[in-house]
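Please load the model in your viewer and keep the selection tool at hand. We will go from stop to stop, with something to pick out at each one.

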Amino acid sequence: MSVASPTKVTPPARTITTKPRVSDQIFRGIVTAFSFSALVILSLIALFLFLKGFSTLRAQGFGFITHFEWSITTDDAGKEAAHFGLQAMLIGTVVISFIALVIAVPLSVLTALFLTFYAPNAVKKLLITVIDLMAAFPSILYGLWGYFVLMPMAEYWAKLLHKWLGWIYIFNVPEPVFTRSPFIAGIVLSVMIIPIITSVSREVFSQTPLDRVQAAYALGSSKWGMIRAVVLPFGAGGVVGGSMLGLGRAFGETVAVYSVLNIVFRTNFHILFTQGGNVASMIIQKFGEAGKTEISALIAAGLVLFILTLLVNFAANFVVTRTVKSGR
Amino acid sequence: MTNSEISSINQNGTHMSEQENAKPSSLSDVAANRAEKKVAGTAPLGTGLEARGVHAWFDKHHALEDVSLDFSAGTVTALIGPSGCGKSTFIRTLNRMHEFIPNTSMAGQVLLDGKDIYEPGIDVTKIRLQIGMVFQKPNPFPSMTIGENVLSGLKLAQLKVSNHEELLEECLTRAGLWTEVKDRLGAHAGGLSGGQQQRLCIARALAVKPKVLLMDEPCSALDPGSTLRIEETISQLSKSMTIVIVTHNMQQAARVSDYTAFFLSDGGPGQMIEMGPTNEIFSRPRDQRTENYVTGRFG
Amino acid sequence: MQSTVKPIRPWAASPRDRALTATSVALSVLASFLVVAVTPMKGKLAYAFVFFIAWLVIDSVLVIRKSGMKGVRDGLAAKITLLGGALVMMAVASILWSVISRGIKGINLAFVTENMRQASLFDPIGKGGILHAIFGTVLLIVIAIIFSVPMGILTALYLTEIKGRAAGLIQFLVQAMSGVPSVVAGLFIYAAIILNTPLRASSFLGGLALTILMVPTVTRTAQEVLNLVPRDLREAGLAMGATQWKTVALVVIPAARSGLITATILGVARIAGETAPLLFTVGTFDSYNFNPVKGENTAIPIIVWRALNGGSPESVQRAWSAILVLLIVVLALFIAARALGTKAMKK
């Protein structure tokens, strides 16, 4: 081989194949089939809810989501006239979930900061266990606690709010009845979603790159200065993702809301007043005595709720995977 | 070693000048060259930092034993030695960063201007404003622009400065980065190369006007070109502050420092074996272990 | 030189620091009582509010000489984070305390050994119990486990062992499934089965609804646990010429066994207290129904729901006691999962 031949030819890579044994093919087949169960179940849910709710959807059209009235009237000839519009309940869902976020996000972020940067080790372990426990509480427990324990206190706070801030629209009330209000439902929901927002926030805060933390301290920063300059910018995405997960949970919450909220089919922005609702609790409320037409409507409402929570969760998981799991 | 002893050794060390004309090929030659170039009696504008009997523990593990070092104002001191012998641990006791690792403890004193920085009742953040640090891996704040990064120390310390632009230009110039970034101060710091990022970190450390600058292997993650530029920066900076630099690279120590301290651990806690003017350490070390290290017999 | 130097921590809180903190807290408490006595403010909220402000002021005064405004801001931030954590803890404490203190009043032997066939929810405590509901819950859990554990573990195996091209999609879908509201799961079973087939409300259908909610939890935890099995183990098996399924069955799964049990337990804890899906699918019943596929049944959450909505003091008391029983079960599961989890970690 003469030294003067300069060009080296790299051979192309060989494709490596293997023929798996029959037992392995069966194994892979079974596992793959079962893992598509998630897809199958989700599709079935969408399918059947759509099928059984179809008559309502066809009759109401797009008005199902935008109209405000929910009623069935049967006239003397036995003819039914039905109007089903979810708008009031959709708005109600958003209102109480928003209240829940306003309370839960600051508390969760503060708790996550406390756990990651201030708490001594023993306290930290205890608190983390307690918060994980909180996530395991059944929702009906929150309903019981919310109604019997929280409501008297919250009613007092609502009265205070009304007294001092009643000139603001949302804190005004048409009548001074402060029990079973969106405000109280929002508080109960916030306690339910605090564990998940705190967990995600804590995870992202603890991943703050140590070199940036040390850089801030080496510049003479105080602990709070470091948190503001390094931790919060780094963790903002994770906090948003966690909050969206919490929002998804709040949208679909049923029995807890039903217990502490007076479900009335009217849009109500006076959050201290005893009137409100969300789609999930409305379904439960009306299901017991619903006739065939109404059941179809309730199923259609379930479909709307399903799609709504799916969208929120898609977005939430997208944000969380991008910020927390990838370890920016 | 007192200051007078050190200066007397300086005068003795100048006998190396007869080799001045030969091509610098050995460490001692490099060091001698530097000793020559440094003008005697440069007004020290920095402040003296002194470590007395410093020990450090990680939990029960005794990592550093009885280190006493005096860093004269306006000098550059290199800390050399094999990995794991406590150089980084020691330098972190100098600006109270050692205490960040949980379950650590220390003993001894570190005096800045004669006052112990570990005294109770002292605000540690004020100490860190006077003793700055540059880390091994460049760590600019990615959520801030170049300009914001340089001034971040002021924001974090809530210092008031009358003219931000002036300070920005001054620090970046001293760090040797001004010409490269003056037109893009609003760009994000992440877009800079490794060497530029490290010079940005130096500029950032300078903005709070420290009296001492600690550098923990600042060039080990950089390419030779950037390394050389940073060494030039260090030489410039030493005219107005005290610098302590940990380095694995003996050539770098020889190029850059006035004094060198050699650290070693024989399986137990790290100790400071010998300290002296750089050209002495490399040409006529007093301890056999030092000589073994600088001649490359180990480490 | 052998030195007997003592290690110290000059940066840690000295006794003097601790004394100062204690003093400032005490002074703040004093201030809160004083202010409340003198002004028209009243109630626990007033005490807490004044205490916080007073503590802030006193602490700032102590710190301002040493660290200036920076120190004051730092102190404020520290107190606010502490406040946030404390509020959350108070909420949990309140919940636990109310369940225990209220529920325990209704717990007696009859409560856990009888059923409601000869009693109504409004009868005084001591008559009738929830044993049939406990049985119903157990039945539901068993059915849910039968369906969701295989589905969950196999899906996790796909994601960790086979890692096919659909892995990203499946991961996504599992996460989507974990967001399905419980009421939708129940409504789905109702719409798909009760309205379409001759099957009517039964434990079986309730179990199916719970499966939908349990699978994502099982899959996620199983996935994490299987990923923890070191790669060398799998490679050792394959290097010996074993097929993939043999490696998985005989090497990977045994190695992850306690973790998989943890995954199951966590899934059960998730669904044990679910109420909404059961309302559509299980119905209600006052006695034992041992037939999972025929006839309505009951479960603890259903009893709680009915008792709560009943409204009388007796039924409410039953609700608290039943939820206490349920909570004890969930807590026990939780602790078991934790214990197994740490045991797996230590191996």
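Here is a short tour through chains B, A and C of a predicted model.

**Stop 1: the sheet of chain B**

Show chain B as a cartoon and look for its open sheet of ten strands. Reading across, the strand order is 5-4-1-2-10-9-3-8-7-6, and the pairing is mixed. Now colour the two edges: they are strand 5 (115-116) and strand 6 (131-134) of chain B, each of which pairs on one side only.

**Stop 2: strand 8 of chain B**

Next, select residues 242-246 of chain B, which form strand 8. Is this strand enclosed or open to the outside? Five of its five residues are buried, so strand 8 of chain B is largely enclosed by the rest of the structure.

Strand 7, helix 9 and strand 8 of chain B together make a right-handed β-α-β unit.

**Stop 3: helix 6 of chain B**

Move on to residues 164-174 of chain B, which are helix 6. Which of its residues are buried? They are Leu168(B), Cys171(B) and Leu172(B). Looking down the axis, you will find that these residues cover an arc of only 95 degrees, which puts them on the same side of helix 6 of chain B. Their packing partners are helix 5 (146-157), helix 7 (178-181) and helix 8 (194-206) of chain B. Just after helix 6 of chain B, pick Gly176(B), which takes a positive phi of about 80 degrees.

**Stop 4: Lys286 of chain A**

Switch to chain A and select helix 11, residues 279-287, where you will find Lys286(A). Lys286(A) has 17 other C-beta atoms within 10 Å, so it counts as partly exposed. Leaving aside residues up to four places away in sequence, Lys286(A) touches Glu294(A) and Leu298(A). For a sense of scale, draw a distance from Lys286(A) to Ala119(A): their C-alpha atoms are separated by 47 Å, and the two residues are 167 apart along the chain.

**Stop 5: chain C**

Finally, colour chain C by its domain assignment, which gives domain 1 (17-104) and domain 2 (112-346). The C-alpha centres of these two domains of chain C lie 42 Å apart. Five residues from domain 1 and five residues from domain 2 of chain C make up the contact between them.

Last, bring chain B back into view beside chain C. Here 15 residues of chain C are in contact with 16 residues of chain B. The chain C side of this contact has seven nonpolar, four polar and four charged residues.

Note on methods: Residues are numbered from 1 along each chain as its sequence is written. Chains are lettered from A and ligands numbered from 1 in the order in which they are written. This is a predicted model: local features need pLDDT of at least 70, side-chain atom pairs count only at pLDDT 80 or more; totals for chains, interfaces and linings use all residues. Two residues are in contact if their C-beta atoms, placed from the backbone, lie within 7 Å. Ala, Val, Leu, Ile, Met, Phe, Trp, Tyr, Cys and Pro count as nonpolar, Asp, Glu, Lys and Arg as charged, and the others, Gly among them, as polar. A residue is buried if 20 or more other C-beta atoms lie within 10 Å of its own, exposed if 12 or fewer, and partly exposed in between; C-beta atoms are placed from the backbone. Helices (H or I, at least four residues) and strands (E, at least two) are DSSP runs, numbered from the N terminus. A crossover is right-handed if, with the strands pointing away from the viewer, the path from the first strand over the helix to the second runs clockwise. Two strands pair if DSSP finds at least two bridges between them. The arc is that of the directions from the helix axis to the C-beta atoms. Domain bounds come from an automatic or database domain assignment.
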